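Thank you for making time this morning. I would like to walk you slowly through a few places in one model, so please have a look at it while I talk.

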Amino acid sequence: QVQLAESGGGLVQPGGSLRLSCAASGSIFSINAMGWYRQAPGKQRELVATIISGGSTNYADSVKGRFTISRDHAKAAVYLQMNSLKPEDTAIYYCNMVVVTTEAGPMYVYWGQGTQVTVSS
């Protein structure tokens, strides 16, 4: 079993910054991909950013140039640096990891519990 623990959400004024963190614990052989998603009230969950094992990243158009995803393999952690935040970035942010728990085993998708980000003056 693998657990993801998120931290770093909160209330910030427009134009401000926040850094989200997500660390995995449990039985991990490898992590193939990591990502951040968000869900605003009344909307579907949407992709914010992903980073795969080779290091390639992908961002939603709405956050390009403002958000940066990074990882620390040794800590089994993924981060999301969010700059120039806008009110429309307000949402619950979820981290996501695609994990292989045993050598040659299948991949499993795990989700964090979510952390609230509110951008408001």
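When I speak of strands, I mean DSSP runs of E with at least two residues, numbered from the N terminus, just as helices are DSSP runs of H or I with at least four residues. What you see is a predicted model, in which local features need pLDDT of at least 70 and side-chain atom pairs count only at pLDDT 80 or more, while totals for chains, interfaces and linings use all residues. Residues are numbered from 1 along each chain as its sequence is written, and side-chain values use heavy atoms, with hydrogens and water left out.

Let me begin with alanine 104, which sits in the loop between strand E9 (91–100) and strand E10 (107–111). Its phi is positive, near 65 degrees, although the residue is something other than glycine. Is alanine 104 buried or exposed? With a relative accessible area of 82%, alanine 104 is exposed, where exposed means over 50%, buried under 20%, and partly exposed in between, using a 1.4 Å probe and protein chains only.

Alanine 76, in the loop between strand E7 (67–72) and strand E8 (77–82), also has a positive phi, of about 50 degrees, without being a glycine. Alanine 76, however, counts as buried, because its relative accessibility is 13%.

Finally, please turn to aspartate 89, in the loop between E8 and E9, which is buried because its relative accessible area is 1%. Beyond its neighbours within four places in sequence, aspartate 89 is in contact (heavy atoms within 4.5 Å) with residues including Arg38, Arg66 and Phe67.
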